[in-house]
Amino acid sequence: MVLIASDSCSTLVTLDGDDKQYFTKASYVEQRCSSSKSLLSSSDVLSIPLYLSGSESVEEYLRLCPEIMDSRDKLHAKDPVIFDKNTTERILYVGQGEVAHALPHHCDYLVSDKATTCHILALRSEFHGNLPFTSLTHIDDTVYESCLRSIVREHLTHHNYEWSNQFDVSPSRVKFQLDIVGGFADADNLSSQITNWILRVFATIAREYQNRIEFTLRTCAVSSLNDNGYRCPVTRGLAIHLRSGNVYSAKVDNIVAGPAIELRAARVWSVREALSVIHTPSSGSFIRIQPFSYTSTPDYKRLLYLSDEVLLQVTSTSPDVEEEGFCDDVRSTARFVLEVPCYKVFGPHLNKSLHFKRVGTSNNWIRSH
């Protein structure tokens, strides 16, 4: 499904707050790409407008799109790809609240996991034979619109595409592929809020730059579309292969999710106004951990001694569906925050980034000074 305002007005998904929410039930055609994965594109046939009242969500619209449901079903039908100590491919792990940009020679896969109400978004672009550019982010809130716009700008910069005037007419558009997973039918509706927000942001960008870029929503296993029927997510992780663009359900062992797992997890507990960019094409084989402030409090020490049941209730947005190991990860992060003040990591003025270099072609990392 293409998120773009075409002449037929058949392909734009808008989710503006107080405005009426019109979605279109377009006719779709399936196109085949070089990787034999289907891309979903709209036809030029004028579609029938479908009105959704404020009580309904975008998931109800997505259920009417056969190709979206088919791609969802194919993703759910396969067991997650496991990345662990035996993995020979180079992965770059993206944690909650992070984003990474990479080219095929930087790594084989961008991957994230452990999402419950969070959403994992992969964005891949191609233009005029340039190397495909891929980004992946793990989104836990609806406050990052400027960050999503920055991600799109990174792609346009890579393709040397002029971004200055959205009203210019270009002879060709940069083609973007979106794959989104995450969320479930949670009782507090947190998942749906993130789903609606993500698609609204990309629909808005598509509308603003309709003559210059095109978004194709290929995979969208989100919120109630990612629920197993018992208020539990089916897919919690996403991996994208940088050369082919193929995406897979994924699960990552902590042993290959480094470096600095506890430090990066501590950022989730800090005050955040933006997604943390850990890798760009200029990073090469390095991951950069940008400075941030975190503070040790007596509450963190108490976390160490809570039962798993209580710990889940006070630290998770979805305590009933967290995976095994969640409580161990929380205690590990709390212990790190208690034992390592942020000034010892980022310097007394909190202005010193950390850099970690990949060891050869492995998934091991060492600190680089």
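Reply: First, a word you'll need throughout: "buried" means under 20% relative accessible area, "exposed" means over 50%, and "partly exposed" is in between (1.4 Å probe, protein chains only). This is a predicted model, so local features need pLDDT of at least 70 and side-chain atom pairs count only at pLDDT 80 or more, while totals for chains, interfaces and linings use all residues. Residues are numbered from 1 along each chain as its sequence is written, and side-chain values use heavy atoms, with hydrogens and water left out.

On to the pocket. A pocket here is an open set of points on a 1 Å grid over the protein atoms alone, where a 1.4 Å probe fits, with protein on both sides within 12 Å along at least five of seven lines; lining residues have an atom within 4 Å of a point. Of the 43 residues lining the largest pocket, Gln96, Lys114, Glu322, Phe326 and Asp329 are the closest to its centre.

(Helices are DSSP runs of H or I, at least four residues, and strands are E runs of at least two, numbered from the N terminus.) By class, the lining has 14 nonpolar, 14 polar and 15 charged residues; Asp, Glu, Lys and Arg count as charged, Ala, Val, Leu, Ile, Met, Phe, Trp, Tyr, Cys and Pro as nonpolar, and the rest, Gly among them, as polar.

Lys114 sits in the loop between β9 (109–112) and β10 (119–126), and its phi is positive, about 65 degrees, although Lys114 is not a glycine. At 32% relative accessibility, Lys114 is partly exposed. Gln96 leads us to Asp140: their side chains make a polar contact of 2.9 Å (N or O atoms within 3.5 Å, one able to donate a hydrogen and the other to accept it; residues adjacent in sequence count only if both atoms are side-chain atoms).

Asp140 belongs to the loop between β11 (133–139) and α3 (145–158). The Asp140 side chain also has a 3.3 Å polar contact with the side chain of Tyr144. Because its relative accessible area is 17%, Asp140 counts as buried. Skip its neighbours within four places in sequence, and Asp140 is in contact (heavy atoms within 4.5 Å) with Gln96, Gly97, Cys118, Ile194 and Arg272. Cys118 from that list is buried as well, at 8% relative accessible area. Cys327, at 7% relative accessibility, is buried too.

Back to β15 and α5: the loop between them holds Pro259. Gly258 and Pro259 are joined by a cis peptide bond, with omega at about 10 degrees. For context, most peptide bonds are trans, and most residues other than glycine have a negative phi.

Lastly, the whole chain: there are nine helices and 19 strands, and 53% of the 369 residues count as buried. Of the contacts between residues at least 6 apart in sequence, 73% join residues at least 24 apart.
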